[in-house]
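Q: I'd like to learn how to read a structure like this one, feature by feature. Can you walk me through it?

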Amino acid sequence: MAATVIPMPKFMAFSDAGAPLSAGLVYTYAAGTTTPLATYSDSDLTTPNANPVVLDSAGRATIYLTASSYKIVLKNSAGATVYTQDNIIAAAPYNVDLDVPITAGEALTAGQAIYLSDGTGSRTAGRWYLTDSDTAAYSTLPITGFVTTALALGEEGSVRLLGQATVPGPVSVGLSYYLTGTPGAIGTTAGTFIKNMGTADSTTTIIMTVATSASPGGTNTQVQFNDSGSFGGDAGFTFIKATDAVAIVGPLTVGGTLGVTGAVTLATALTVPNGGTGVATQQAYGVLVGGTTATGAMQSIVPGTSGFVLTSAGTGALPTWAVGGTAVDDQNNILATQVFS
């Protein structure tokens, strides 16, 4: 079994000369800031230390850190700085909530779901904003958590990333909660981009979910989609990798330009209103004419005898082939003969 070296039971500090820093001062701040961040004299984090902590004559003190990132400034009894150490990360034990310091990118209410922005949507990278499951950049892609206290725009505070989070209630014990399309809100029905935030253990708190893999829905080759908060698949929508073939059974609605490279196979003929002929096959060397209605399938007329012309049969009937056409055609033929003879 692996062993662990014993940690220093008490914080100890020394002067540059190596002597115990009697009555030294330990100032603690949120990492990267000058915002004081509390430490405690007990492991239950019930009794906060003074800030600064005053060391005893041997340069020692009992200091427990919260699950946060700290900046520590050590000074001697006269107030001269001995050293500054930033970004000291205190790992959370298994039964402690994990909070980290943040800066609010907008006004936040305690318990709202928030995310760390990368600058998408003209927002300030590195600041925290309300989640929105209608946009991947505001939900599934970034780090998310729950703000622990109300914050104004630009104000510093903390976000809970793991553990038990207090949320605006009521929530139902035992149910899973997801990000929704309402900024900063969670609900039992997932939004467009699915992110499970945890399971309620009381009417006002949830145990936050550790990211895990999700099993696909349906069977092999079926394209995945949001099926009431879970991955779903259906035989009517498939993709075969070996051939790069997509198959869709049922109506297909396209709201914009559809670009297709390669052959498209339709299960049924493309109708006239959708730009097709309405028929799957045509008469070889035939003539294609309109259907019986304005939107009906087009019709083919078989080829006529050589030299015959197609003449109208009036409304409600297909044109037919006839010798020399109509009497008007015969008169035109006679006139043409007289002119060119």
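Q: Let's start with Q222: does its accessibility make this residue buried or exposed?
A: The general idea is a cut-off: buried means under 20% relative accessible area. This is a predicted model, and in it Q222 has a relative accessibility of 15%, so it counts as buried.

Q: Where does Q222 lie?
A: Look in the loop between β18 (205–208) and β19 (225–227).

Q: Which residues is Q222 in contact with, leaving aside its neighbours within four places in sequence?
A: Q222 touches G233, D234, A235, F237 and T238. There is also a polar contact of 3.0 Å, which joins the side chains of Q222 and T219.

Q: F237 makes me curious about the surface. Which residues make the nonpolar surface patch?
A: F237 is one of them, along with F239, V246, I248, L252, V254, L258, V260, V264, L266 and L270; the patch covers about 980 Å². Two elements, β21 (237–240) and β22 (245–248), each give two or more residues to this patch.

Q: Now strands. How do strands of a sheet pair?
A: Through backbone hydrogen bonds, in either a parallel or an antiparallel way. For a case here, β2 and strand β7 (residues 69–75) pair in the antiparallel sense over six bridges. β2 is also joined to strand β4 (residues 53–54) by two bridges, again running antiparallel.

Q: How many residues of strand β2 are buried?
A: Five of the six residues in β2 (residues 25–30) are buried, so the strand is mostly covered.

Q: What is the order of the strands in the open sheet of five strands?
A: Read it as β14-β18-β17-β15-β16, with antiparallel pairing. The edge strands are β14 (164–166) and β16 (186–187), each of which pairs on one side only.

Q: How many bridges pair strand β15 with β16?
A: Two bridges, in the antiparallel sense, with β15 spanning residues 176–179.

Methods:
Residues numbered from 1 in each chain as written. Predicted model: local features only at pLDDT ≥ 70, side-chain atom pairs only at ≥ 80, totals over all residues. Heavy atoms only, no water. Patch = residues over 30% accessible without salt bridge, like charges linked within 9 Å, V, L, I, M, F, W, Y side chains within 5 Å. Areas by Shrake-Rupley, 256 points an atom, 1.4 Å probe, with all protein chains shown as cover. Salt bridge = Lys/Arg side-chain N within 4 Å of Asp/Glu carboxyl O. Helix = DSSP H or I, 4+ residues; strand = E, 2+ residues; numbered from the N terminus. Buried < 20%, exposed > 50% of the residue type's maximum accessible area, 1.4 Å probe, protein only. Polar contact = N/O pair within 3.5 Å; in protein donor to acceptor, adjacent residues only side chain to side chain. Contact = heavy atoms within 4.5 Å. Pairing = 2+ DSSP bridges.
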